[in-house]
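I write down what I looked up, in order.

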Amino acid sequence: MSETIEQTSSAPAGTAPADRTLPAQAQVQAQDKDYLLSSYAYDLPEELIAQTPPAERGTSRLMVVQRTGDLAIRHRHFADLVDELPEGALLVANNSRVLPARLRGLRHTGGKVEFLLLSPLPAIMARARETEPGVWQAEAEGLVRSGGHPAPGEWLHFGACLAVCLQERGDFGRWQVILQWQGDLAGDFEAEGSMPLPPYIRREDGEGDRERYQTVYARKDKTGSVAAPTAGLHFTPAIRDNLLARGVEWKELTLYVGYGTFSPVRCDDIRQHSMHGELVDLPEETVDAVCRAKKEGRKVIAVGTTSARALEGAYRAMGRCAPFRGVTDIFLYPGKPVHVIDGLVTNFHLPGSTLVMLVAALMGRERILKAYAEAVARRYRFFSYGDAMFIKP
């Protein structure tokens, strides 16, 4: 496990080959634009923000773009991904499972209250303590929304087995809390909670979201994300079987997706943004497959930005390709090196978000904005329940 992965490109990620012909001053100015939040804005009609998944999983559209060279945009369907992947490609996917982390309950006044758990389930369980037989408590963080003015020390009740004691108020509705439960915490959330749909989906979650806001390969023992690794929502068992039959390798890791993935960047200079941390478990089996693919000259394709963050975050933490379990707060944007992944299967991301900046780190800001403009013109569906993009190496 000591093998080091070589950087996938000799040029800094996000720098197009044509940039070398620019005068030095022009290159500096172009680089400076890559650091401006305003440079990641684009026009998106609200009606293109997908509010529901497609009628059938796996039927979304797929935009295929080249990572370097001619942008060469092609318009396909997600089932065609197998025809676009390089021979012998290794796909690395995030197998975390979404917890029904949104609770609706009552304050002591009788008023309604909503609590969205932000802390990953494994981190909560690691610090859980039994306060009386069958009753457990642990520190956690969550978003609280209610009428009135909740105060520190107040208990909020969600069904018979779950309660939250408010501790310290933070910014933007965040609270440090004591979470109290009986029995199995994940089971209590399954019984009392609802799916934490993203804030741009302007409807209440429905029963169908329990299945559709979850990948088909999400593992029950990896429950704890509060947002889905949405690039994986397009895969069906049939599509995966077809990939394997065509010689594509499939390996998995776990990144417990936090709600911070939806946090806006509020700094004009994106380099000043404080990135949220997320818990990663990159197992030895997946690391071995990545190192073997690199040694054999096969391409490593991340399924989703969460898989990309896990692989690149682990590499940054370890200085090489190695198993990793811990928190990553890696923030990728143009000029930041990409060491592990060669390509990316992803959805279309919010203007000015850290996710669109991550994609720009891989293929360049101007190139991704051109692709997004084409997606808008072609009426692609955007964000979590929307269509997909394959950044092809």
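I looked up C161 and found it partly exposed, at a relative accessible area of 30%; buried means under 20%, exposed over 50% and partly exposed in between, with a 1.4 Å probe and protein chains only. The model is predicted: local features need pLDDT of at least 70, side-chain atom pairs count only at pLDDT 80 or more, and totals for chains, interfaces and linings use all residues. Residues are numbered from 1 along each chain as its sequence is written, and side-chain values use heavy atoms, without hydrogens and water.

I searched the whole structure for disulfides (cysteine sulfur pairs within 2.5 Å) and got 0. C161 is in none, and the nearest cysteine sulfur, that of C165, is 18 Å away.

Next I took the largest pocket, with about 830 Å³ of space. On a 1 Å grid over the protein atoms alone, a pocket is an open set with protein on both sides within 12 Å along at least five of seven lines, a cavity is a set of points where a 1.4 Å probe fits but cannot get out, and lining residues have an atom within 4 Å of a point. I noted 31 lining residues for the largest pocket, with L116, L143, F172, P199 and Y259 nearest its centre. By class the lining has 15 nonpolar, 6 polar and 10 charged residues.

I then counted cavities of 30 Å³ or more and got 4. The largest cavity holds about 60 Å³. Its lining includes P53, R212, H234 and Y385, and divides into 4 nonpolar, 5 polar and 1 charged.

How values were computed:
Grid points are joined across faces, edges and corners, and a volume is the space filled by probe spheres set on the points. Ala, Val, Leu, Ile, Met, Phe, Trp, Tyr, Cys and Pro count as nonpolar, Asp, Glu, Lys and Arg as charged, and the others, Gly among them, as polar.
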